[in-house]
Amino acid sequence: MLSILAEKIHDPRFLRLINQLLQAGYLEEWRSLPTLSGVPQGGIVSPILSNIYLDKLDKFVETHLIPQYTRGRVRKKNPAYRRIQERLSRARRKEEYRKAKALLQKAQQLPAGDPNDPTYRRLRYVRYADDVLCGFLGPREEAEQIKQELGTFLQNTLKLELSSEKTLITHAQTQAARFLGYDLQVRYCNDKLAGDGYRRLNANVVLRVPIEVIEKKRKLYQQGGKPLRRHSLAACSDYTILKTYQDEYRGLVEYYLLANNVYWLHRVQWAAQQSLLHTLAAKYQSSIAKMIKRYRAITQTPQGPRKCFQASLERTNGKKPLIAQFGGIPLIHQKEAVLIDRVPALARYEQKEVIRRLIAGRCELCEIRDEHCVVHQTRKRADLEKMGQERPRWAHIMLKRRRKTLIVCQTCHHDIHEGWKGNRIS
């Protein structure tokens, strides 16, 4: 790590600080343990150091693996598909429409390109922190070679080891690859066509919510197969209870909106909703039906009105009440993730008086304007009073204004410290 940083950073103090960070150790059950390898988890600088360290891997894949395992411009046509297309064209010319329809259905079951074309290969690579995903179009034997070359580079160059449990080779058509909490698959469905009648849906990478994630989140709101009553929230306001449930549910939905099966999250919504209603019913010792009638509402969304539950919190000083709602989030797949970064409002702090006087650029002793004015300061005003009646003019001004500071030009500041008693000061 230090040698990689030293390639572009030539500050020994900074490198020494990083070295001390890497050897600082960690606490486990209030016991200090030494750091044998790696960077401290949870540290602010850990993601940056991880990206700097794995940049070697990115360059290796970009300059070595991708050029080696990417070749061919266009995949060859599938011979079986081409023969059926020729028969289909002859049937249409002869106006044999029933036969043409049967041939079209048969052609839709075959790929247009040759899946075994030896002259066509593609390798794609993506990394997020220490999670790496490679998409390879080719035989499994070459995929094993890519995995072996990655492992050799990591071990010899970066002194890292591939995890045998997490480093898997999966067939994208029949198996899912787990990456950043998503299941990635390549869609192949000959029964469904696009709106224009073509199979444009095939060979597209789709993101899916893993069923394990749904079941794990759903069980958080259940206990023994029944809705969980969170008695820890019973003492809170209705606004806080609904906001707590909505924040948990919204965070899950917003993360998985890119998934094609995001609508599966309605199972989590139902479990969370039942837990919410049972918590409110336990708080007021009432029934579920009364809680539904009390908090149900309709909210407007870009996709139309949605049912939800709402609670408000009144505020003083004429402010509008705070409103919290649970539900009302459309579970609709979004093809693109749009990040809305709100520009933080600039906080304007009141400038101190001495700063305003200094910015004004006027000497408070000789009344001339000077952009290079400075601040003359005394430790306390009692020192000025001890000077007696013989005190200089600048001391009289500071006592009269009851200030320990005086904005003066460079010349006056020099005269003050030299103790000159000329007409301009005394």
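How much space lies in the second largest pocket? In this predicted model, in which residues are numbered from 1 along each chain as its sequence is written, local features need pLDDT of at least 70, side-chain atom pairs count only at pLDDT 80 or more, and totals for chains, interfaces and linings use all residues. Side-chain values use heavy atoms, with hydrogens and water left out.

The second largest pocket holds about 630 Å³ of space. Of the 25 residues in its lining, Glu254, Tyr255, Leu257, Leu258 and Gln334 are the closest to the centre. Strand E6 (182–187), helix H8 (238–255) and strand E12 (322–327) are the elements that give two or more residues to this lining, and H8 gives the most, with three. Sorted by class, the lining comprises 16 nonpolar, six polar and three charged residues. A pocket here is an open set of points on a 1 Å grid over the protein atoms alone where a 1.4 Å probe fits, with protein on both sides within 12 Å along at least five of seven lines, and lining residues have an atom within 4 Å of a point. Grid points are joined across faces, edges and corners, and the volume is the space filled by probe spheres set on the points. Helices (H or I, at least four residues) and strands (E, at least two) are DSSP runs numbered from the N terminus. Ala, Val, Leu, Ile, Met, Phe, Trp, Tyr, Cys and Pro count as nonpolar, Asp, Glu, Lys and Arg as charged, and the others, Gly among them, as polar.

Glu364 sits in the loop between helix H11 (353–360) and strand E13 (374–377) and is buried, at a relative accessible area of 12%. Its side chain makes a polar contact of 2.9 Å with that of Arg357; such a contact is a pair of N or O atoms within 3.5 Å, of which, within protein, one must be able to donate a hydrogen and the other to accept it, and residues adjacent in sequence count only if both atoms are side-chain atoms. Beyond four places in sequence, Glu364 touches Arg357, Ile397, Arg401, Arg403, Leu406 and Ile407, contact meaning heavy atoms within 4.5 Å. Glu142, in helix H6 (residues 140–156), is buried at 15% relative accessibility. The side chains of Glu142 and Arg121 are joined by a polar contact of 3.2 Å, and, with neighbours within four places in sequence left aside, Glu142 is in contact with Tyr69, Arg71, Arg121 and Phe136.

Turning to the backbone, Ala129 has a positive phi of about 60° although it is not a glycine. Ala129 lies in the loop between strand E3 (122–128) and strand E4 (131–137) and is partly exposed, at 32% relative accessible area. Within E4, Gly135 is partly exposed at 35%. Gly135 and Tyr125 are 10 residues apart in sequence, and their C-alpha atoms are 6.4 Å apart. Arg402, in the loop between helix H13 (393–401) and strand E14 (405–408), also has a positive phi, near 55°, and is exposed at 68%.

Strands E10 (residues 296–301) and E11 (residues 304–313) pair in the antiparallel sense over six bridges, pairing requiring at least two DSSP bridges. A hairpin of two residues joins E10 to E11, and Gln300 stands opposite Pro305 in E11.

Technical notes
Buried means under 20% relative accessible area, exposed over 50%, partly exposed in between (1.4 Å probe, protein chains only).
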